[in-house]
Amino acid sequence: MTATAVTDARQNIRPGHTLQTGVDRIRVELLQYMRRSDALVFTFLFPVLLYVIFASAFSAVDPMLIVGDEQVTQPQYYLPAMLAAGVFLSGVQNLGIEIAVERNDGTLQRLAATPLPVLAYCIGKLGQLVITSIVQAALLLAVAVLAFGIELPTEPERWLTLAWVFFLALVCFAVLGVVIAQLPRSVSSAAAVVIPVALALQFISGIFLPFAILPEWLQTIANAFPLAWVGHGFRSALLPDIARFLEVGEAWSLPMVAIVLGAWAVAGSVVAAVTFRWIKRG
Amino acid sequence: MSTAPAVVVDGLTKRYGDRTVVDGVSFEIGRGETFALLGPNGAGKSTTVEMLEGFRTPTGGSARVLGVDPRQGGRDWRSRIGVVLQSTGQAGALTVREILTHFARVFPASRDVDETIAAVGLTEHAKRRVGKLSGGQQRRVDVALGIIGRPEVLFLDEPTTGFDPQARRRFWQLIRDVASDGTTILLTTHYLDEAEQLADRAGIIAGGRLLALDAIDRIGGAEARTPIVRWADASGRQEVHTHEPAAVVRGLPGEPDELEIVRPRLEDIYLAMIDAEPADEGGGSAARETEEVAA
Ligand SMILES: Nc1ncnc2c1ncn2[C@@H]1O[C@H](COP(=O)(O)OP(=O)(O)OP(=O)(O)O)[C@@H](O)[C@H]1O
Ligand SMILES: [Mg+2]
């Protein structure tokens, strides 16, 4: 019957389907993100709130470092740390919990029943992460400048550093979020598994405490993970050059930032691509 | 290929541990046919359907849907399949129109979104978030998502759970329309009138085994459909199974109370068949094996 033949031809997937559906996923993910008030408070605004608390609490404290007429104040020092925390929380914590929840509540099974490619789903998640993180970072910088009088760098190469560390960090934390989402077995355990690990890593990676005051063995552990290097990269971009005296080895090491983040991003992508399944087949 | 059956199931078996929940089930569904899979809770209906959807891996036997092994079905195959699961998570934050618009873009030859919303009777709720709808309304969203891609084979696992009577009638009409477009439909339901209304053929499954497989108006055999004459007299309620009900009625004295002639409906036949089965709570075949060993 010709009718059937026509039907078959009509229903083949067109080229460009992955990209088209991926872009539509970004739209749908953003809509859902904006409507979820817990995501808005705990992920989106959390680093900004934390920054306001830290910067207010320590604004009267003596600067951390004075060299000649240059200084590094506490509000200055916490700005790159909270930027790093924002990217980290949006990627590893929020994305990780979100995918785990979608896996367990049947959302992924429903998507698995359609011709939506896994890659399009990932494009949607990454797109949501990139867009919300950029807005979040802009908000944080605006609060720092307007409320705490922080001076942002004027040299283009510092902004370039900020940009590449930012995007490498996003990719890195996004794929780690996908990997972490495979671990929790139920919706209720997703947050319980992800949050403590994320919190511990933030403490040892110089997000809440200056990295240099940590014991050397903790620094060694933290340096194996990407978060400490994201903080380091952001500090090198946003703080006056003298701030390097607060770093381990008293120097900036941007190549190491690129190497560690790149390695984690590549390894994470491979593990994510191999382990990601719409559903666990019973 | 248009004459080949849309669904071919041969000796399909699923075991969880030592429990056999689907036990050598075989049937075919022709192109354009509507097939109902009926059976009590835990019979293995959803397990069977989900193996056909590629969501569970069979322990034995084989399944082909549109000529493809469901576990190997790629994107082109998925675009020709529609799935309404027994239980689905709700993308609660999206509105009815948003989620349908998105799914319409995922399938290559989708139905019109507003038309589909109207077909499931949700036009006035199109702008409401799915999570804020009532249970029956959310179920209608599930059905709309199942048909939005204009599937060639549509799997409906208890699609009308929670529907009010009016919504159920509307759903029947929708399914008849979808079927008249040439869509092959596999339906599971506990509403036997629904199966009677919609299905061409049915299979009855219990304890994982297929007990009957036939056209909906023949299932259970002619004997099971013998008309029944019922009335009441001084000595109580009377009931006669007969192929000549008119003759029986004519032979009755006077004008008996509560006189009726009924033809057993699918539900009566189904219940008789299930009652005749030994009630085994799923672990049936293990029990049978033990008996065999003992004997
Ligand atoms: N993942 C699983 N692990 C172990 N047993 C399972 C699993 N899934 C289903 N079963 C068992 O298989 C049997 C058949 O389940 P199934 O869901 O197929 O029944 P059903 O016919 O769809 O019932 P209902 O009418 O209640 O939907 C049940 O006894 C159930 O406990
Ligand atoms: Mg079921």
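This is a predicted model: local features need pLDDT of at least 70, side-chain atom pairs count only at pLDDT 80 or more; totals for chains, interfaces and linings use all residues.
1. Secondary structure. Eleven helices and two strands make up the secondary structure of chain A. Read from the N terminus, the order is α-α-α-β-β-α-α-α-α-α-α-α-α.

2. Annotated regions. An unreviewed UniProt entry carries the annotation "transmembrane region" for residues 39–61, 81–101, 129–150, 162–183, 190–213 and 256–279 of chain A. The annotation is taken from that record. Two of these spans are described in the next point.

3. Two spans in the model. Residues 81–101 of chain A are 100% helix and 0% strand, with 28 Å between the end C-alpha atoms. Residues 256–279 of chain A are 83% helix and 0% strand, and here the end C-alpha atoms lie 37 Å apart.

4. Overall dimensions. The C-alpha trace of chain A extends about 90 × 35 × 35 Å along its principal axes.

5. Burial and contacts. Chain A has 282 residues, and 53% of them count as buried. Among contacts in chain A with a separation of 6 or more, 80% are between residues 24 or more positions apart.

6. Charges. Chain A holds 16 positive and 17 negative charges. The mean position of the positive charges is 20 Å from that of the negative charges.

Technical notes:
Residues are numbered from 1 along each chain as its sequence is written. Chains are lettered from A and ligands numbered from 1 in the order in which they are written. Side-chain values use heavy atoms; hydrogens and water are left out. UniProt positions are given in the numbering used here, feature names are shortened, and annotations may be inferred rather than shown by experiment. Helices (H or I, at least four residues) and strands (E, at least two) are DSSP runs, numbered from the N terminus. Buried means under 20% relative accessible area, exposed over 50%, partly exposed in between (1.4 Å probe, protein chains only). Contact means heavy atoms within 4.5 Å. Lys and Arg count as positive and Asp and Glu as negative; His and the chain ends are not counted. The place of a charge is taken as NZ of Lys, CZ of Arg, CG of Asp or CD of Glu.
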